[in-house]
Amino acid sequence: RQGKLMFNWYQTPGTVSVAIITKLDNSSALRCTFAERQMDISFPLEHGEPFSWTLKLAENIVPQESCTKVHLNKVEVIMKKAGAGSWNRLEQEGEFIDQQASYPSSSRNKKDWDKYEKELAR
């Protein structure tokens, strides 16, 4: 990615969304394209620096039914899921993000709760 911005992602049963926290002065400069497992977005930042991001998705989307929305302090990318169900991760294995936000803890020892869940499932 060029430029650094904060973002988060969330999902509903039918969509997965990425909110990029930024003020976009010129929404006509926003470029976003979708493929079955990829989203490409680019736009100029406040000081004219370019921002571009290619997101290789963990699951398939429906490109024709995906879109962007520009809000006052964020750019929202809404992607229609190709299949029902919850995504465990946003990006493909080995990419930047591996899971949704973890919950804060005062414990010094980090627990891999997914590991415990898999052991319980056996």
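Along strand β1, residues 6–11, the side chains alternate between two faces. Buried here means under 20% relative accessible area, exposed means over 50%, and partly exposed lies in between, with a 1.4 Å probe and protein chains only.

Before I continue, a word on the model. It is predicted, so local features need pLDDT of at least 70 and side-chain atom pairs count only at pLDDT 80 or more, while totals for chains, interfaces and linings use all residues. Residues are numbered from 1 along each chain as its sequence is written, and side-chain values use heavy atoms, with hydrogens and water left out.

Helices (H or I, at least four residues) and strands (E, at least two) are DSSP runs, numbered from the N terminus. Of the 122 residues, 27% count as buried. Contact means heavy atoms within 4.5 Å; among contacts between residues at least 6 apart in sequence, 53% join residues at least 24 apart.

Let me return to β1. Its antiparallel partner is β2, residues 15–21, and the two share six bridges. Two strands are said to pair if DSSP finds at least two bridges between them. Trp9 stands opposite Val18 in β2, and a hairpin of three residues joins β1 to β2.

Pro13 is found in the loop between these two strands. Is Pro13 buried or exposed? Pro13 counts as exposed because its relative accessibility is 69%. Leaving aside neighbours within four places in sequence, Pro13 is in contact with Lys81, Ala84 and Gly85. The C-alpha atoms of Pro13 and Gly85 are 5.9 Å apart, although 72 residues separate the two along the chain.

That brings us to Lys81, which belongs to strand β7, residues 74–81. Lys81 is buried yet has no salt bridge, a salt bridge being a side-chain nitrogen of Lys or Arg within 4 Å of a carboxyl oxygen of Asp or Glu. Which side chain of opposite charge is nearest to Lys81? It is Glu59, 9.1 Å away; for charge, Lys and Arg count as positive and Asp and Glu as negative, with His and the chain ends not counted. The side chain of Lys81 does reach the backbone oxygen of Thr12, at 2.9 Å. Beyond four places in sequence, the residues that Lys81 touches include Gln11, Thr15, Val16, Asn60, Ile61, Val62, Ser86 and Trp87.

I turn now to the open sheet of three strands, ordered β3-β4-β5 with antiparallel pairing. Its edge strands are β3 (31–35) and β5 (50–56), each pairing on one side only. Neighbouring strands of this sheet are turned by 5° against each other on average, direction ignored; axes are lines fitted to C-alpha atoms, for helices over the stretch in contact, and angles run from 0 to 180 degrees between N-to-C directions. Strand β4, residues 38–44, pairs with β5 over seven bridges, and Phe43 has Phe51 of β5 as its bridge partner.

Finally, Leu45 lies in the loop between β4 and β5. Leu45 counts as buried because its relative accessibility is 15%. From Leu45 to Lys4 the C-alpha distance is 9.8 Å, across 41 residues of sequence.

Key
Polar contact = N/O pair within 3.5 Å; in protein donor to acceptor, adjacent residues only side chain to side chain.
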